[in-house]
Every structure is written in C-alpha cells, then in structure tokens.
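Here are my notes on this model, point by point. Please read them with the structure open.

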Amino acid sequence: VASTVGSPAGGGVSPLGPAPPMWYHRDLSRAAAEELLARAGRDGSFLVRDSESVNGAYALCVLFQKHVHTYRILPDDEGFLAVQTSQGVQPKRFKTLPELVSLYLQPSQGLVTTLLYPVDREETAVSDDRDYSDGEDEKPPLPPRSASTSTPPGPDTPTDSPPAANGLSTISHEYLKGSYALDLEAVKQGACSLPHLNKTLVASCKRLNGEVDKVLSGLEILSKVFDQQSAFMVSKMIQQVRIFAFLYICIYIYVCLCVYTQLDGKQAEALKALQDMSLSSPCSPPPLSMRHSKAIPVQAFEVKLDVYLAELTKIGKSQKYTLSVDVEGGRLVVMKKVKDNQEDWTTFTHDKIRQLIKSQRVQNKLGIVFEKEKDKSQRKDFIFASAKKREAFCQLLQLMKNKHSNQDEPDMISIFIGSWNMGSVPSPKSVASWVLCRGLGKTLDEMTVTIPHDLYVFGTQENSVCDREWVESLRAMLKEQTELDYKSIAVQTLWNIKIAVLVKPEHENRISHVGMSSVKTGIANTLGNKGAVGVSFMFNGTSFGFVNCHLTSGNEKIARRNQNYLDILRLLSLGDKQLSSFDISLRFTHLFWLGDLNYRLDMDIQEILNYINRKEFEPLLKVDQLNLEREKNKVFLRFAEEEISFPPTYRYERGSRDTYVWQKQKATGMRTNVPSWCDRILWKSYPETHIVCNSYGCTDDIVTSDHSPVFATFEVGVTSQFVSKKGLPKSSEQAYIEFESIEAIVKTASRTKFFIEFYSTCLEEFKKSYENDSQSSDNVNFLRVGWSNKQLTTLKPLLSEIEYLQDQHLLLTVKSLDGYESYGECVLALKSMIGSTAQQFHTYLSHRGEETGNIRGSMRVRVPSERMGTRERLYEWISVDKDETGGPKGKSTMMSRVGHEPKQDTADGDPSICKNSYNNPAYYILEGVPNQSAAAISPELLPSPTSTNPQAAKAPPPSAGARTKPPCATSAAPHPRRPMTGHPVRAISEEGSSEDDGGTVGSTLNRPPPDFPPPPLPKGALEMVAEAPFSKPRPLYPDLAEVRIPATGPVAPLALGEGFRRGGVGGVGAGALDDQSCSVLQMAKTLSESEFPGQPPRAPSAPPPLRGQPMGLGLDACRTFPPRNPIPESIAEDMPEEALWGSSSSSLSVGESSVGEWLQRLGLERYEQGLLHNGWDDLEFLSDITEEDLEEAGVLDPAHKRILLESLRQQQQQK
C-alpha cells in the first residue's frame, strides 16, 4: 500500500521515486508534523507531508530557531514538482520528491535554512488483526453474498445453489408449467396483479443478486489487495457481471412473453385492458402523501395540583386532577372531582394553551399557562406521577400544537436512531421493541411509544442481509407499527456495515441534497470489515449528518480505535463540498454518530460482573474507555451523549440476556472480552439550536446476537426554506454582519501570517479577511494573532429578515498565508449577535478532531427595522422555570457540583478575567515533548502547598466519570442540584446549564461551545451573596501583559499539586499522566486559578446578566427572540376554585433552609425524593403536612414521622 501512495493515476514515474523515503509522512496532520519537529529540536530538521489545502501537493516543514516554516510543493501540468516561490522568481522543477529534497540539502538554496536532519516517520508494527469480529471470527467476514440469508430454507429458498442461468430457467419453466394458470384465473376473478409471477421474479432476483454480490465482492478485494497487473482479470469479471444482468433481463422478457402468448384472444384483451386500468384505477393504493397513521387516542394523566400555604386555608388538602389530551381534536380537558363524586371540568383548545413551563428542580412538575380572557392568562402548576409522565404529556401537547398549526412547514421533528451489531445472523421476525424504544435505560412512556417519528435511522454492523431485503423488512415493520409507508431516502453499505434512513411520506419532498459515503479502516485501511458509512441531507433549511461505524475490536486497542475515529472524521465525504476546510463535525447543523465503537471497560471481570448484578453502573462508567478518551479530548471533541442507565450491551450469550460470555478459547489462547458499552449514540449540534434526547436505552428481548440493539430518540428544531415576503432587500434595508475585532490564540510553532475565511448558507459565497495586523508570542508553541476592524470585511446576508438570520450560523477557519492550510475552525450563531450594539463571542478552535486554540471577538448583526418581524417557534413554546425562586432548594451545596458544572462563556463578567483556556494558552501543551508541560508554566503559576487559595491547595478529587449534561436544556443561571441516583450525562457539552436527572427539559438551545467546566468554588464562595461580583468593569480585551502566555525557559521538574495531579473535567486518573497528555484537562484548575488570583469567587446564585450588558454571551442570552419570561399570572379571584390558578413561581421563596438541608440536618435525607415527588418542596408548605401525607411520601417509620412533625412545629413557633 505504501508503494502506491502518491503515484500518478496514469502510470509513469512516481513523484516519490521507486520507494517512499522515510522523511515522507504521507497524510500526517500539520499539528502532528509540528510535534515531531519539536521533538527533534535541532535547526534544519525537516519532513515532507501531504498538503492539507491542495490535493496532490506536498508540504515541506522545516524547523529553525524553534519555529516551523512550511513550504508548499506544487505539481505543474506536466507532473513536475517545484517549491512555491515569490512572484517573479523562477521555480526549479523536479521529477520526484527525493530529487527536490536533495537540492535543498545543499546550502543557500533560498529556504530559511539548509535541510540537515530528516525526521523519519514512525513505522508502526503490524498488529495482530485476527480479532476482526469481537473475538468471534478468525478471519474477516466477507461482504454479503446472498440475499436470502434472512429467511430459513423453504420451497422458495432452496438450499442448493445451481448456476444462475440454469436456476432461473428452471424457475421460469416451473411457472409456465403450472402457476401461470392460477394467475389467469385470478385475473378472471378481477385481481389487479399477478401474484405468482411476482413470486417467481422475486425468487429469480434473489438468485441473481446473490451471484452479483459474489462477483462484486471478489472484484473489491482484488482491486485493493493486488496490483495493476490484475486489471485483465478484473475486466473479465466485470464482463461476467454484465452477462448475468443481460441474462436476467432476457429471462424476464421470456417469462412475460410466454405468459402473454399462451392466453387466448379474449384473455389477452382482458389482460391488456386490466393493465390500462391499473394506471388510473381508483382501486390502486393512494399516494404515500395521502396516507395517514392511525389516530392517536385520547390520553389521560392523573396529576395533583400544586397548591401553597395561602390557598390551603381555603381549600384544605391539595386536590387531584385528570388532564386529558385529545391530539386529534386539538383539546385539553382539565377535570377535577368535587363533592358527591361529581366532576368539574374545563376544556381548552390548542390555541388557548399559551405556554408550558417545566420546573428545573422538581422533575415531575409542570406549569401550564392558559388564555382565559383577552390579553389575560392564568397559570396552574401540576405534579405528575413521574418525570416520564410529564415528558409524555409535553410531547402530546407539542404534537397537538403542530398538528393544528397554521404553519406550512414544521418547526420541529422527532428522530429515532438505532444501532445494532447483528452478529452475522439474520434478525428475528420481530424487532418491534427496538423501534418502540422498549427495554432498559431511559425509555419512552407507553402513552407516546407508538407515536410515529419523522425520521428513522438504522445503523447495523455485521449485517449479512442484502440491502433491498433489509430495507423492505424495516419498512414492513414500521408499516405494522405505524400504518405508514415510510420512504427510504438513503441506504449506504460497506461490506456488512449498513445505514438506512427512512422518512415519513409527508416529508419526502422536504429532503434534498442527499449524500452518501464510506471509509474503510480494516487491514491497512483497505478492507471494509471495519470502517464507517455515512448519510447526509437537508431537511428544508437544516442540515443533518449520520455516521454509522464499526471500530477496531480488542480490549487493548484504544489507540487504534482513536485513529479509526480520526480517519473517519477526516475522510468521510459528506455535506457541502464548499466546506472542505471543515471536518464533518462542523459541516452539519446536527451530526449523529452511532455504531459499535468497541470501547471496553478497564476493570477486572469479576468486579464488572458484581457491579452489573447490583445495577451499579457509575463505577463502570468511570473506567469506560470512551469516557476516558473523551475526557482527554482524544476523540469526539464537544460531542454529547445522554446518560447511560442500562447495562453493558456486549457480550451476551446468544439466545439469552441473562449471561455474559466473556471468555473464548482461541488458537492463540484464551481470549477475554469483558462486558462493555460497545454500542453508543452520540451527537454534536451547532450552538443555539434546539435538540433534546428523549430516550437512550437498549432492548432486552432481542437475543440473536451477542450485542443488544441500542436506541435513542431526539426532538430537533428545524428551519424552513425561508421566502422573504418583502423580496430582496434594497440598499436601505440591507442587513450587515460587522466585526469590530477578532483575536485568536493558535497552537503552532509557526510564525507565518494568517487570514480568516467566512462561510455561511446566508452568504452568496465565502469571504476572506485581510492578513492579521497584530501578532505576538510569549511561548514558542503558541501564537496570538489579531485582526482590527479595517482588516475584517463586512458581510452582506442574502436576506435581511430577522426571522431568517436568527437561524443562521457562521463558520470561520483560520488559515496561514504560507500554505493556505487551516489552523483551526469554529462555528458562531448569529442569533445572539443581532442588535445595534456589538456583542462578544468566545469559543474554541479545532482541526481534524483536535482542539487547536481559541478565538474571540466583537461583532454585531445589524437588521433594519423594516425586517424585524418574527414569530415563536414550536420548541420555544415550552420553557424552563429557572427554579422558580432563582436560588437553590433541597439538599445541595456548591461542592456537590464539583466536576459537573458546565463552563460559562463570560456569563457573569468580563471575559478578560473569566478563568478559562481561551485566554490562558498554556492549556494547550504539545503532547510528548520532553518537559514541555513544565516549560509552558512559569514557576510562579504553580500552586504551593501553602497556597492561600483553598481551591488550588485542597481541590477535592472529582470523579473520573463525572460528566456534564448534554445539550438538552435552556441555559440558565447555574444552580446547585441535589444528588440524584445514577450519574450525570457524559458530555463535554456545548451548553451552559446542567439539568437534573430523571427527566428531559424542553425548550433547549445549544449554547456557544464552552471550553471546560470551571474549577469548584472555594469554600468562602458558599457564603457569598449575589452582590456585584466585580468591583469595577474592565475592558473586553486586556493588554497582552494582563493575560500572558507564560514564557518558556528552563524550569525544575513539574511538581503538581493534588488538584493538578487529578486533572480537570472529572479527573482523568493516573493514565492521563502516563501518556503525557498534560494538555487541557490536567492544567485547567491550577493554571486558571494562578493566572487570575485577584478575581473574587463567583456568587453561587448570581442572576444571569441581561441582554445588552457588556458581558458577551450570557447564559440566558436569547432563548427566544425577543427574550421572554414565563408568563406571570395576570388575574386572581377570591373564589376558592379560582384561587387555584395562582402563580406558583411567585409564591415560592428560599427560606433560611431548604427541604433538603432540613432533612439532612435531621439525618433523614432519604425521604427527600419522596417529599419532592409528592409536591412538598417548600418548608412553609410543609408546615401543614399531616401524618397521612408523610406516609404517602414514603415516611413509614413512626419515630421518623414524630421527628419531622416536631421539627416543623418548632420552626413555626420560632416564626
């Protein structure tokens, strides 16, 4: 394979010579090349790699005075190579790279220095790749050969396989001999089809497809394994394929003619008339777009009204209600029982339900705002039986709103995603539990489980069923469950790795720009037994990408899996071709990545089994290889994953889900495959978009494979193809995107100049800035570059309506002038930038899956007043109550959030003093460079054992498995949360908030990507009040002296403090230091604390800043446009019934102690969840609680009841 790299397509002399020289590093990334040269450390060290900007070109990288200089080597029309020179300088041309390099080995040839020391590529030893199929197979599985693998042998699928021609002739002869008479009889009886002929043709197709697959698989292997000398044999086999296809067509025509010629005259005329009628007959099935799923029945929810002390004096105990949702009729009936078993009910039509407000703190509590009179609204708060019931109710009301909306295009769609390693055996007859999300983990409520999703995405591995048969089986299954004929929009296969996307018939015309691709990562990246398949498309104005992969197996092959991921990320050709500078993680509004990722658990097998038996998954997730690699930013940078609350999906005993088979005797000895979460579903979305994961689990009744199928469902906001009602903007009505300044810190040893390219669907074409006009560096590995207003171009969107612009995003890539290669890319949401004053943005840069720096700046999107009209989106109809009182309740302290708090993007003050990696470039350390981590930090920045900073000196060790919640909630002021059962979601989220477990919070926007969760607050911050946290405002961008890049220099060996040693986000454990990954995660807390020692700790309950304040992107910035708050109660009646309509949020307050703290003080914190579940979430409310209420909340011990009641009486007396 190496000998073919870089060889010209048309033969002739390879530009690499007879064999690739060792200083040629093929497709090595720019960042990796700089690391190799940094390790070499001598002036004149050089290497050559493939150019990232021009296909077929090369990049010569030279180290001189600790800086890397890059020269492009370009081929001309004749195939000669030359180093790109300044204008007017005659280039020297060479036939091969070795000839070119040999010239520059001589002095004074125009380079910055003579090439002296070649840096050879690191040849990796060929590993033992016999574990191709999770320890099951000694040889890699071949591509599927037969289409009949999913049906047992029978009359129509004979077990013997004669040659295709003879087999097809026999089948046609048997049909003509007897079955065609049955078709004739059926025609006479009025049938609209020839069922026996169809059956015969299906059997013929199966035979033929099996032979074609067999030949094509041979062609694929031959073309990759052998050299060009096999071309003659390959062409001969292609002719065989053509002969088979031609033979099939001939036989098909022959069968049809035989049937037709053996009819008598009248029968032939009748058949012809029947064919003509079939084109226009009303008895034909209706078009797909006219078919509807079965009606959704009326669903009833038993709830309790959430009442408060003021109302209790009038109505006594809290009352039970029934909420009935009629989706088809567009009505909500609120019914309560009154005296003598009578019922009092009120009906609200869909347009009278103004807003749903989810409680962030009490996961089963929901506020409903009704429109009762013109311009007047009322709010009721209800307690549902569980968080799952609340989500089901919200989903039904959203469905009702959408169904009866006057909008032509949807604002939101639901997506099902499934992943299953089928184990090379056919699926069982029914896999309904998979598509209905029934099983273990976070599942849907039974009331909503049968509601059809808009999109179904099925990713399978080791699937031996042919494409057509697999898709038809999926369509038939969906038809059985939903009564809808789903349309297949894309199927992509790589050997036994398949992805199929099916869409509701009503959405078929909304799908466009469908793309498909695959990448092989098997042996030498040429075999497709491992790799990925992908599908991309536009749904109206929103881009989607789906990747299904099967990565390298084996417990110890972590690095190989990481490389598989990076190869797929770089090589999968999906999405807009104009975005070639960006990897696929930035090309789509929403990217979903699923498959058998094959990451395992690093723990002794007996310990794993013990934890699984006890259903304790948290300790296992802490040693999950994927979680650990993500925490080190090795893979899936800024992706999200929902909480895992189901057992490991691999490796089960086939035929059962009760036993894990973890040992297998092989020729090489006993192989161990520990139970693991190999099968995963992750996603990454643009900032300020709406996405909620409603379920994530696995089935427990599909037992044909050693893997269990995994499912996830998502609620995703989509945009329409916007059509301006006012036409194209005039010059006076033109919107503008204006930049005041941009500054970037890039991880590079180069000192070239840079420019920025801007891409967006709202721009006619991409735009470039001028080169940066400021540049500085205090560290050899980092470069600070800046662009002032005069260097930045003003962008003109195609349309100027605010409704259009608030859905748009801007992609930026920072490129070098010397090689035109990208040094980092990012995405910005325009929504928060709209306004007359400039807003600050602040985010990270990444390239090829690695974080490469950060970028910040000031910009505004100026919209003319004539184009300011907008509307509320369906997903904005549900909001999140900011914990009603704006303060914490329940048992919670700030320290309980260690390792869980998501990063806040300059939310509570000036970004220049906000502690994060963006203005502290020493976070970005070149891995593997000797003493690099020590050299990057000046001694005064290191914590000392006597440090006065309690956080730096005594940072409690966060959990290695700690994870932040994925993008599933509107960002809000951060509130400490009470500990819940289970664990937080594994995601370095692009959000600004973290939600309680147990329920999904709606109306969510992905906030601008944070860098890393901030370090825990020192103990002193816990007593601080929310007064102004900063004594005086500071400018947005401090002088370079204020935020310095620590200078390199000889330093003593790094002595890390305890908090430093344990790492950043959730801690990385000792393994992080072993591989010298002392980059972002391990330095986060120490560097940020030391960099900004003067910053006062942030108040725990500081309110979010308002829009327009000079703070950049606040956590609450623009959930909707314009910003809106939950609708307060507008009227209050004196009647007892009307008193129930009071505003719940206004009556709650934080006293001296919350319910959780009160229970903790009494040593009875075990009852907190029961009390909150029953609505007892306020101490004032608790003052009226009775023994019966306590028993309903789970307090059954008489002594405990006495303690609680006595404590409440004492509190009342103290008041």
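**Notes on the predicted model**

1. The protein chain exposes about 50,400 Å², and carbon and sulfur atoms supply 53% of that area. Areas come from the Shrake-Rupley method with a 1.4 Å probe; for residues, only the protein chains shown count as cover.

2. This is a predicted model: local features need pLDDT of at least 70, side-chain atom pairs count only at pLDDT 80 or more, and totals for chains, interfaces and linings use all residues. Residues are numbered from 1 along each chain as its sequence is written, and side-chain values use heavy atoms, with hydrogens and water left out.

3. The protein chain has 27 helices and 36 strands (DSSP runs numbered from the N terminus: H or I, at least four residues, for helices; E, at least two, for strands). Of its 1215 residues, 57% count as buried (under 20% relative accessible area, 1.4 Å probe, protein chains only).

4. The largest nonpolar core holds 52 residues (buried Ala, Val, Leu, Ile, Met, Phe, Trp, Tyr and Cys residues joined through side-chain atoms within 4.5 Å). Helix 12 (residues 605–613) gives the largest share, 5 residues. Apart from this core lies another, of 49 residues, including F301 and L1205.

5. I417 is one of the residues with the most contacts inside the largest core. Beyond four places in sequence, I417 touches V457, F546, F592 and F714, among others (contact: heavy atoms within 4.5 Å).

6. Is K1201 buried or exposed? K1201 sits in helix 27 (residues 1198–1214). K1201 counts as buried because its relative accessibility is 7%. Leaving aside neighbours within four places in sequence, its contacts include E1187 and E1191.

Notes:
Buried means under 20% relative accessible area, exposed over 50%, partly exposed in between (1.4 Å probe, protein chains only).
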